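Below is a short briefing for a reader new to this structure.

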Amino acid sequence: MNKRIGVSLVGLVLAACGGGAVSPSQPNETGTLESLAVAPTSVIVVEGEAVRLTVTPLDGAGNALPGLPPALFDSSDPVVATVDTDGMVWGHTPGTTTVTASVSADGLTANATVPVTVAWAAQPGAHVVTTVGVTFSPASITIPEGDSVTWSFAGAVHNVTFNGAAPTGGNIPDQQTGATATRVFPAAGTYPYECTIHSGMTGDVIVTSAATPVYSTLSVSPTTPAVDVGTTVTLVAVPLDQHGSVISGLPAPTWLSSDPAIATVASGGVVEGIAAGEADIVATLTVSGVTHTGAARVTVLSDQPGSATVTTPNRTFSPANVLIAPGTTVTWQFSESTHNVTFAGLSPPGGSIPDQPPGNSASRSFPTEGTYDYECTIHSGMVGSVVVQAGTPPPPPLPGAIVTAANREFTPDPVDIAVGETVTWEFSDDVYNVTFDGPAPPGGNIPDSDPGTSASRSFPVAGDYDYESTLHTGMRGRVRVR
């Protein structure tokens with residue numbers, strides 16, 4: 001059976017008119033028809049199903065008026081949807097229309113309009129993702145190799161933009177409400193995607209294969225992290241099969257640093273910055289006589305003044321504006337999704353930074369005074385600037401904390417930060433999420449995230465923020481903001 005998509009139940013109030021209009025000087029009178037409250041205020045219904053509208057006449061004080069004649073209804077496009085005398089809206093054809101409700105009493109008429117979207121009805125056995133508000137539902141869908149997924153768009157204009165591997169036909173461009181689009185997935189693997197119009201609106205398609213998985217690759221992420229002297233970053237080594245899917249249950253890899261004087265690495269991939277410079281961190285894993293390696297290039301930033309860091313939480317550059325002295329190096333630490341740094345006008349040596357996957361970092365030095373405006377061309381409105389000015393004091397170190405999700409534990413727990421600071425969760429060895437139990441920071445919960453990815457949230461208000469990974473029983477943490 002088809003399921004109706006959820007709708008808002010907030011009342012819609014529109015002014016009444018008598019003979020077409022009410023004089024602006026006419027006072028609102030208690031007990032006199034003035035407006036209508038209609039619920040729901042907008043309708044999304046699957047073709048072949050129905051939603052009932054409830055109409056309540058109101059007086060000038062907003063009080064319900066009983067005993068008035070029943071509302072009359074009309075649909076602007078009966079091909080899309082019709083409405084009967086009881087206010088039951090029936091969806092017929094995917095598209096949009098408007099239903100008008102009206103009530104007349106004592107020479108006054110009140111009208112209210114309700115936008116109606118009729119969504120496509122999936123066939124039995126089809127793999128369908130709908131858009132509810134600014135989320136994909138379901139956010140993650142698993143299908144066999146060679147099957148297709150259909151996106152049914154409702155509520156607003158959306159698109160499907162793949163980050164990495166893409167199915168046959170590639171990205172789905174902006175689609176109007178009521179539209180559908182289908183993509184075939186001929187190869188096994190994980191296909192993460194997003195709607196670039198709405199921040200945080202992400203999903204993925206997991207394509208499974210009937211073939212026996214063969215250990216083929218060892219993937220290390222992040223591939224180009226940056227770390228300060230005396231601090232650590234955790235690398236994740238993930239064994240992949242011939243389709244790029246994760247193989248679980250294999251032993252842990254061994255780790256080696258190409259230059260321990262720059263960075264050391266311990267078991268579990270924990271890298272510590274020792275001195276400014278770069279070092280290659282190599283993971284090695286042998287399974288049934290087959291050996292594969294994966295590597296990351298770690299940049300250790302100087303612990304002396306002269307550097308600044310910009311992060312990318314919630315598709316923003318943070319801080320958006322950096323004030324530095326000539327000769328300072330700025331490092332962009334990328335998280336959550338693919339980003340770039342594209343300069344408009346003045347550009348530092350090395351120029352723009354091309355698309356970088358989550359976990360990567362990249363740096364540019366700014367020897368010359370001036371204002372360097374830049375943007376991420378992937379995400380509209382994601383802009384920043386670097387202002388280089390002589391006599392500017394060195395930037396303070398980036399505040400905040402890093403929490404690692406590994407072995408089904410959050411480490412460290414709890415974390416203590418000051419008001420306004422940022423916490424970054426780095427996900428390792430499994431799929432995790434961060435779901436807040438009570439108060440939540442701007443941006444809210446962090447949805448299911450694959451191994452090797454990270455996500456950040458800033459905390460502008462003091463308090464205790466308890467959270468959990470709903471995928472793993474008992475996996476809890478707390479952020480204490482003081």
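A search of the whole structure, which is a predicted model, finds 18 aromatic pairs. Rings of Phe, Tyr and Trp (its six-membered ring) pair if their centres lie within 6.5 Å; planes under 30 degrees apart count as stacked, over 60 as edge-to-face and the rest as tilted.

**Aromatic pairs**
- Trp332 and Phe343 form an edge-to-face pair, with 6.3 Å centre to centre and 80° between the planes.
- Trp332 belongs to strand S31 (residues 328-333) and Phe343 to strand S32 (residues 339-344), so their pair ties together parts that are 11 residues apart in sequence. Strands here are DSSP runs (E, at least two residues), numbered from the N terminus.
- Trp332 is buried, at a relative accessible area of 0%. Buried means under 20% relative accessible area, exposed over 50% and partly exposed in between (1.4 Å probe, protein chains only).
- Phe343 also counts as buried, at 11% relative accessibility.
- Elsewhere, a cluster linked by ring pairs takes in Phe136, Trp151, Phe162, Phe185, Tyr191 and Tyr193.

**Strands S2 and S5**
- Four of the five residues of strand S2 (residues 35-39) are buried, which leaves the strand mostly covered.
- S2 runs antiparallel to strand S5 (residues 54-58), and five bridges join them. Two strands pair if DSSP finds at least two bridges between them.
- Ala39 has Thr54 in S5 as its bridge partner.

**Ser257**
- Ser257 lies in strand S24 (residues 254-257) and counts as buried at 10% relative accessibility.
- Its side chain reaches the backbone oxygen of Ala263 at 2.6 Å and the backbone nitrogen of Asp259 at 3.2 Å. A polar contact is a pair of N or O atoms within 3.5 Å; within protein, one must be able to donate a hydrogen and the other to accept it, and residues adjacent in sequence count only if both atoms are side-chain atoms.
- Leaving aside neighbours within four places in sequence, Ser257 is in contact (heavy atoms within 4.5 Å) with Ala263, Thr264, Val265, Ala279, Asp280 and Ile281.

**Confidence and conventions**
- The chain averages a pLDDT (the predictor's confidence in each residue, from 0 to 100) of 82, and 88% of the residues score at least 70.
- Over residues 1-28 pLDDT stays under 50; the model has 68 contacts beyond four places in sequence for this stretch.
- Local features need pLDDT of at least 70 and side-chain atom pairs count only at pLDDT 80 or more, while totals for chains, interfaces and linings use all residues. Residues are numbered from 1 along each chain as its sequence is written, and side-chain values use heavy atoms, with hydrogens and water left out.
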